[in-house]
Amino acid sequence: MRHSVTTMAHKLKRMVDNLLFSVTCRTPVRLTSVGAFPPGVTFPLGTPRGWLPLYTMVTFRPDISYSSAKRKAAAQARVMSNAGTAGSVALGIGASVGMLWIALFYRRRSCCYS
C-alpha cells in the first residue's frame, strides 16, 4: 500500500476526488474543518450526498458505516472509470481528427505550390 499511494495515478485520483468533493460539498471546505471535530458537532443522518473521498468517509465521518462507505466508494470508482474511458475516447477521436485535418491541409498546400 505504501508504494501505491506514491504513484502518479493515485495522486491524480486523489486530486480529482478532492476537486469533486469541493464542487459538490454543500458547505465551504476550510482547512480548520479538516482537523478534529469540536464537541457537540453532529453529522446529518441518512445517506451521505455529494462526492466524498474514501479517506474522508472512513476517517473523518463517524456517521457513515463501513458498508455505506464501501458501497459509495464502489459507485464513485465506477463514475471515475467511466469518465476516464470517455475522456480517453474523446482524446483519441480529437487527435485522429486533428491529424487527418493536418494531413489534408498539408496535402492541399503541397499540391498548390508545386
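Modeller: Gladly. Trp 101 counts as exposed because its relative accessibility is 57%. Here, exposed means over 50% relative accessible area, buried means under 20%, and partly exposed covers what lies in between, with a 1.4 Å probe and protein chains only. Before going on, please keep in mind that this is a predicted model, in which local features need pLDDT of at least 70 and side-chain atom pairs count only at pLDDT 80 or more, while totals for chains, interfaces and linings use all residues. Residues are numbered from 1 along each chain as its sequence is written, and side-chain values use heavy atoms, with hydrogens and water left out.

Trp 101 sits in helix H3, which spans residues 66-112; helices are DSSP runs of H or I with at least four residues, strands are E runs of at least two, and both are numbered from the N terminus. Searching the whole structure gives one aromatic pair. It joins Trp 101 to Phe 105: the ring centres are 5.4 Å apart and the planes meet at 10°, so the pair is stacked. For this, rings of Phe, Tyr and Trp (its six-membered ring) must have centres within 6.5 Å; planes under 30 degrees apart count as stacked, over 60 as edge-to-face, and the rest as tilted. The two partners are four residues apart in helix H3, about one turn of the helix. Phe 105, at 32% relative accessibility, counts as partly exposed.

The areas come from the Shrake-Rupley method with a 1.4 Å probe, and for residues only the protein chains shown count as cover.

Elsewhere in helix H3 we find Gln 76, which counts as buried at 8% relative accessibility. Beyond its neighbours within four places in sequence, Gln 76 is in contact (heavy atoms within 4.5 Å) with Gly 50, Trp 51, Leu 52 and Met 57. Trp 51 is also one of the contacts of Leu 20, together with Met 80, again leaving aside neighbours within four places. Leu 20 lies in helix H1, residues 8-24, and is partly exposed at 28%.

Lys 13 forms a salt bridge with Asp 17, with the closest N and O atoms 2.9 Å apart. The rule asks for a side-chain nitrogen of Lys or Arg within 4 Å of a carboxyl oxygen of Asp or Glu, and by it the count is one. Lys 13 and Asp 17 are four residues apart in helix H1, which means about one helical turn between them. Lys 13 is partly exposed at 38%, whereas Asp 17 is buried at 4%.

Finally, the wider setting. The protein has three helices and zero strands, running α-α-α from the N terminus. Of its 114 residues, 14% are buried. The protein exposes about 9400 Å², and carbon and sulfur atoms supply 67% of that.
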